[in-house]
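Here's a quick briefing to read alongside the sequence and the 3D view. Keep both open and click along as you go.

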Amino acid sequence: WRAMDSKGVHLKSLQKPKPKTRDYSEDEVQRQLEDGQKAGELPAVLRQLFDGCPQDKKEIISKTAITVCINILNSDQLLQTSVAKEIVGKILLEIGGLDGAAVVTLAELLIDGIKTGAVSNGHSLELFPKILSIIASQRLIKGGMGEMSGLEYKAHLVNDLCKNKWDTGCILHIANMCREILLSPEELKFVVKKLFREAVSLPITEVPSLIYQLL
């Protein structure tokens, strides 16, 4: 027989149903963020993903969420500056918890965006100084270039950044970004030379802004 309370109601019928296990697959994380973007609630959805995911899935969920948000920041979907800054701020707080390999993947995603001109609004570039700082602090980085120290891999990324043609719309944003990166004297010389080479492609009205960034 089933236990009843004093009113004759089956106690089992009063028990709350167990909640369904939440889906934290990469596809579902991407869907939630894209739906949040369409609904104008992207920062809130991102915060829920960062704060609510189980610890054993936190690494992959955070990396996936950050990757999706970088692509949204780089897209031609118009984001209010305040919304973009809120998203960047949340990512900056989260990114320090990723392992070295995940941070390298994000760095390469941003560099690809620079190569293609996808970062022309400059939003996602605000992440690059923190990403490079984390990479530089790693004792060892393993990747397609073999094994390198964090500082060596940072130098490789700076070289990769500078050896490619930059979209004109990215130049001032990159110059501003580089001011926030701790560069070695050799890296600084390399970056400044690259900025001067790219300056010739700027409209004349934007040259004073670049010179100000270089001062």
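Let's start with helix 2, residues 26–38: with 13 residues at 1.5 Å a residue, helix 2 should span 18 Å, and its end C-alpha atoms sit 19 Å apart, which agrees. Bear in mind that this is a predicted model. The chain has eleven helices and two strands, and 40% of its 215 residues count as buried.

- The buried residues of helix 2 are E28, V29, Q32, L33, G36 and Q37.
- A handy reminder for reading that list: an α-helix has 3.6 residues a turn, so residues three or four places apart point the same way.
- Among the elements that cover the buried residues of helix 2 are helix 3 (42–52) and helix 4 (58–74).
- After helix 2 comes G40, which has a positive phi, near 75°.

- Q37 belongs to helix 2.
- Is Q37 buried or exposed? The cut-off for buried is under 20% relative accessible area, and Q37 has 14% relative accessibility, so Q37 counts as buried.
- If you skip the neighbours within four places in sequence, Q37 is in contact with L42, I72, Q77 and L79.

**I70 in helix 4**
- I70 is found in helix 4, and its relative accessible area is 0%, so I70 is buried.
- Setting aside neighbours within four places in sequence, the contacts of I70 are L106, L109, L110, S124 and L127.
- I70 and G113 are 43 residues apart along the chain, yet their C-alpha atoms are separated by 9.5 Å.

**Helix 7 against helix 8**
- Helix 7 (residues 128–136) packs with helix 8 (residues 150–162) at an angle of about 145°, and the two axes are 7 Å apart.
- On the helix 7 side, the contact is made by F128, L132, I135 and A136. Helix 8 brings G150, L151, Y153, K154, L157, V158 and L161.
- Sorted by class, the residues in this contact of helix 7 with helix 8 are nine nonpolar, one polar and one charged.

**Cysteines**
- How many disulfides does a search of the whole structure find? The search turns up zero.

**The chain as a whole**
- Reading from the N terminus, the elements run α-α-α-α-α-α-α-β-β-α-α-α-α.
- Take the contacts between residues at least 6 apart in sequence: 66% of them join residues at least 24 apart.
- The chain exposes about 12600 Å², and carbon and sulfur atoms supply 54% of that area.

Methods
Residues are numbered from 1 along each chain as its sequence is written. This is a predicted model: local features need pLDDT of at least 70, side-chain atom pairs count only at pLDDT 80 or more; totals for chains, interfaces and linings use all residues. Side-chain values use heavy atoms; hydrogens and water are left out. Helices (H or I, at least four residues) and strands (E, at least two) are DSSP runs, numbered from the N terminus. The expected span of a helix is 1.5 Å times one less than its number of residues. Buried means under 20% relative accessible area, exposed over 50%, partly exposed in between (1.4 Å probe, protein chains only). Contact means heavy atoms within 4.5 Å. Accessible areas come from the Shrake-Rupley method with a 1.4 Å probe; for residues, only the protein chains shown count as cover. Axes are lines fitted to C-alpha atoms, for helices over the stretch in contact, and angles run from 0 to 180 degrees between N-to-C directions. Ala, Val, Leu, Ile, Met, Phe, Trp, Tyr, Cys and Pro count as nonpolar, Asp, Glu, Lys and Arg as charged, and the others, Gly among them, as polar. A disulfide is a pair of cysteine sulfur atoms within 2.5 Å.
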